[in-house]
Amino acid sequence: MKIEVWSDYACPFCYIGKRRLEKAFDQFPNKENIEVEFKAFELDPNASKETSLFIHELISQKYGISLEEATKMNNNIVQQAAMDGLEFNFDSLKPSNTFDAHRLAKFAESKGKAAEITESLLQAYFTEGKNLSDHTTLVELAVQIGIDKEEAIQFLQLETFGTDVRRDEEEARDIGVQGVPFFVFNQKYAISGAQSVEVFLDTLNKVWEEESNKPSLQHLSPSTNDGVCTDDSCEISTNNK
């Protein structure tokens, strides 16, 4: 079984959805036969590499809400993440452009370390408050998963794998991805958003047992898009509280 996951490292529900999928794997008897491929998706391709704003201020300005409302919205996400064993530190979070982080992920994938770099980038951003546009930070994360430091430095100085990132994003547009995380199972079934562990497990079992070959995606998640991030907003799922 192959699962393709479109996500962004600046998307809180991408981290939550990833963890819930992994929890579903733990209950799935055929998990050793699953291949997961992470696909690039930028919530804001025009995001600055450097900003003096904290995430609460940025959200407040971007969506035209008060700082108090933005902080409350982010705190609700922090609480939901904690329920899945994740520590989000929004007060120290550094908003940044994620294009080079996606390039690094492609580079790591070429070395068989896609899973390691994906977890490292998400943890670095949401838990450790690191700037994912900063090349020094990206090199440090690469070294932590076993990539040679000089090789990582040289890679980031080039534009290598940039076309691969754009190809993932174009594919997302082609299949109608409007928000992330977005999970595609065997190129047949799709789940949008950080749905519950039960939804992921039911889908794994259904796809595993499925013998027919359907040409188009079937959305198996609930009709709501809660628990998904778009460039407009990150909506909290009422189904997963």
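A salt bridge is counted here where a side-chain nitrogen of Lys or Arg comes within 4 Å of a carboxyl oxygen of Asp or Glu. The model is predicted, so local features are reported only at pLDDT of at least 70 and side-chain atom pairs only at pLDDT 80 or more, while totals for chains, interfaces and linings use all residues. Residues are numbered from 1 along each chain as its sequence is written, and side-chain values use heavy atoms, with hydrogens and water left out.

## Salt bridges

Side chains of opposite charge can pair when their charged atoms come close. Under the rule above, the model holds 20 salt bridges. One of them joins the side chains of Glu-4 and Lys-39, with 3.6 Å from N to O. Because Glu-4 belongs to strand S1 (residues 2–7) and Lys-39 to strand S2 (residues 35–40), this pair ties together parts that are 35 residues apart in sequence; helices (H or I, at least four residues) and strands (E, at least two) are DSSP runs, numbered from the N terminus. Glu-4 counts as buried at 5% relative accessibility, and Lys-39 counts as buried at 9%, where buried means under 20% relative accessible area, exposed means over 50%, and partly exposed lies in between (1.4 Å probe, protein chains only). Glu-4 and Lys-39 also belong to a network of salt bridges that links them with Lys-2, Glu-37, Lys-106, Asp-168 and Glu-171.

A second salt bridge is formed by Asp-84 and Lys-23, whose closest N and O atoms are 3.4 Å apart. Asp-84 is in the loop between H3 and helix H4 (99–110), whereas Lys-23 is in helix H1 (residues 12–26), so the pair ties together parts that are 61 residues apart in sequence. Asp-84 counts as buried, with a relative accessibility of 8%, and Lys-23 counts as partly exposed, with 28%.

Lys-31 and Asp-26 form a further salt bridge, in which the closest N and O atoms are 3.9 Å apart. Here Lys-31 is partly exposed, at a relative accessible area of 41%, and Asp-26 is exposed, at 57%.

| Salt bridge | N to O distance |
|---|---|
| Glu-4 and Lys-39 | 3.6 Å |
| Asp-84 and Lys-23 | 3.4 Å |
| Lys-31 and Asp-26 | 3.9 Å |

## Aromatic pairs

A pair of aromatic rings is described by the distance of the centres and the angle of the planes. Rings of Phe, Tyr and Trp (its six-membered ring) pair if their centres lie within 6.5 Å, and the pair is stacked with planes under 30 degrees apart, edge-to-face over 60 degrees, and tilted for the rest. The count by this rule is 11 aromatic pairs. Phe-88 and Phe-126 form a stacked pair, because their ring centres are 4.7 Å apart and their planes are at 20°. Phe-88 is in the loop between H3 and H4 and Phe-126 is in helix H5 (residues 114–126), so the pair ties together parts that are 38 residues apart in sequence. Both Phe-88 and Phe-126 are buried.

Phe-183 and Phe-200 pair edge-to-face, with 4.8 Å centre to centre and 75° between the planes. As Phe-183 lies in strand S3 (residues 182–185) and Phe-200 in helix H9 (residues 197–209), the pair ties together parts that are 17 residues apart in sequence. Phe-183 is buried, with a relative accessible area of 1%, and Phe-200 counts as buried at 0% relative accessibility.

Phe-88 and Phe-126 also take part in one aromatic cluster, together with Tyr-15, Phe-90 and Tyr-125.

## The surroundings of Arg-103

Arg-103 lies in helix H4 and counts as buried, at 2% relative accessibility. The charged end of Arg-103 sits over the ring of Phe-155, 4.9 Å from the ring centre; this description requires NZ of Lys or CZ of Arg within 6 Å of the ring centre and within 35 degrees of the ring normal. The side chain of Arg-103 also reaches two backbone oxygens, that of Leu-156 at 3.2 Å and that of Leu-158 at 3.1 Å. With neighbours within four places in sequence left aside, the residues in contact with Arg-103 (heavy atoms within 4.5 Å) include Phe-155, Leu-156, Leu-158, Glu-159 and Thr-160.

## Helix H2

In helix H2 (residues 55–63), the residues Ile-55, His-56, Ile-59 and Ser-60 are buried. They lie on the same side of H2, because they cover an arc of only 140° around the axis, the arc being that of the directions from the helix axis to the C-beta atoms. The buried residues of H2 pack against helix H3 (67–83). Gly-64 follows H2 and has a positive phi, near 65°.

Key
Polar contact = N/O pair within 3.5 Å; in protein donor to acceptor, adjacent residues only side chain to side chain.
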